[in-house]
Amino acid sequence: MSSVGVPHDGRTVTASGFRKRNLYLDDSVLPQSWAGRAADTPVVNDGLLRHRIHQLHATLARAGDGFEAESRLSFIRERLHSHLDALQPRTPGHEANRLATELRELLDSRIHAGISLREAAAILHAHPTHLIRCFQQTYGLPPHSYLTGKRIDQARRLLLDGHRPAEVAATVGFHDQAHLNRHFSRHVGTTPGRYKRTRSGSAATSP
């Protein structure tokens with residue numbers, strides 16, 4: 001038997017079965033020149049790489065988190081690069097604060113529309129993973145988390161002004177109301193609808 005060219009006989013290692021997830025990368029992520037090296041060492045014992053692939057799978061399962069997925073994929077590519085081409089990532093230096101500030105300003109100008117990591121890296125003339133590391137070193141969180149936080153701040157203000165959650169989601173740049181609900185609940189501890197009702201009720205009873 002085979003699945004997309006990957007041979008297997010369908011048997012499980014244990015009686016409990018298994019779950020298989022594949023991540024197929026085209027040559028826009030991994031160059032064809034690495035194919036031979038990858039075939040020479042098809043098994044890579046790297047716990048961090050496995051964890052990053054797991055994080056990417058989890059992100060891809062959620063609609064609307066493309067910026068986060070692109071960021072996670074860039075670190076997977078970098079990790080594979082280190083195995084297949086012995087390239088070590090660059091440590092942020094004196095340029096870190098400048099790049100972080102420029103990226104923050106870029107994100108602030110694109111809160112609703114968003115921006116891809118590739119576009120941001122091209123505008124700022126920096127490698128994607130280096131850009132993320134500079135931002136995290138300066139501000140203590142990755143760029144995708146910063147952008148989500150800015151959107152949540154705007155969503156809270158709009159909800160307090162009486163706007164409906166579905167309208168708010170579209171206005172501040174979330175994929176849909178479910179996307180807003182997921183991030184809002186994680187950041188604020190309640191759903192946008194409950195937040196709107198609770199806060200509106202508190203305002204109505206204030207002296």
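**Entry 1: contacts and overall layout**

I looked up the contacts of the protein chain, where contact means heavy atoms within 4.5 Å, and found that among those between residues at least 6 apart in sequence, 64% join residues at least 24 apart. The model is predicted, so I noted that local features need pLDDT of at least 70 and side-chain atom pairs count only at pLDDT 80 or more, while totals for chains, interfaces and linings use all residues. Residues are numbered from 1 along each chain as its sequence is written, and side-chain values use heavy atoms, with hydrogens and water left out.

I then listed the elements, taking helices (H or I, at least four residues) and strands (E, at least two) as DSSP runs numbered from the N terminus. The protein chain has ten helices and two strands, and along the sequence they follow the pattern β-β-α-α-α-α-α-α-α-α-α-α. I also noted that 33% of the 207 residues count as buried, a word that means under 20% relative accessible area, with exposed over 50% and partly exposed in between (1.4 Å probe, protein chains only).

**Entry 2: the nonpolar cores**

Next I looked for nonpolar cores, each a set of buried Ala, Val, Leu, Ile, Met, Phe, Trp, Tyr and Cys residues joined through side-chain atoms within 4.5 Å. The largest nonpolar core has 21 residues, and those with the most contacts inside it are Leu-99, Leu-103, Leu-107, Ala-120, Leu-131 and Phe-135. Two or more residues of this core come from each of helix 3, helix 4 (96–109), helix 5, helix 6 (128–139) and helix 7, and helix 4 gives the most, with six residues. A second, separate core of ten residues includes Ile-152, Ala-155, Ala-169 and Tyr-195.

Is Ala-120 buried or exposed? Ala-120 counts as buried because its relative accessibility is 0%. Leaving aside neighbours within four places in sequence, I found Ala-120 in contact with Leu-103, Leu-106, Ile-115 and Leu-131. Ala-120 and Leu-107 are 13 residues apart in sequence, and their C-alpha atoms are 8.8 Å apart in space.

**Entry 3: helix 7**

Among the buried residues of helix 7 are Tyr-146, Leu-147, Ile-152, Ala-155 and Leu-159. Just after helix 7, Gly-162 takes a positive phi of about 100°.

Gln-154 is found in helix 7 (residues 143–160), and I recorded Gln-154 as partly exposed because its relative accessible area is 26%. Not counting residues up to four places away in sequence, Gln-154 touches Ile-111 and Val-172.

Asp-65 lies in the loop between helix 2 (47–60) and helix 3, and I counted Asp-65 as buried because its relative accessibility is 7%. Apart from neighbours within four places in sequence, Asp-65 is in contact with Thr-59, His-179, Arg-182 and His-183.

Thr-190 sits in the loop between helix 9 (177–188) and helix 10 (192–205), and Thr-190 is also buried, with a relative accessible area of 18%. Leaving aside neighbours within four places in sequence, Thr-190 is in contact with Phe-184, Ser-185 and Tyr-195.

His-125, in the loop between helix 5 and helix 6, is exposed, with a relative accessible area of 73%. I marked His-125 for its positive phi of about 55°, although it is not a glycine.

**Entry 4: the second largest pocket**

On a 1 Å grid over the protein atoms alone, a pocket is an open set of points where a 1.4 Å probe fits, with protein on both sides within 12 Å along at least five of seven lines, and lining residues have an atom within 4 Å of a point. I found about 290 Å³ of space in the second largest pocket, a volume being the space filled by probe spheres set on the points, which are joined across faces, edges and corners. Helix 3 (66–85) and helix 5 (117–124) are the elements that give two or more residues to its lining, and the largest share, five residues, comes from helix 3. Lining residues include Ser-28, Glu-70, Arg-77, Leu-117 and His-127.
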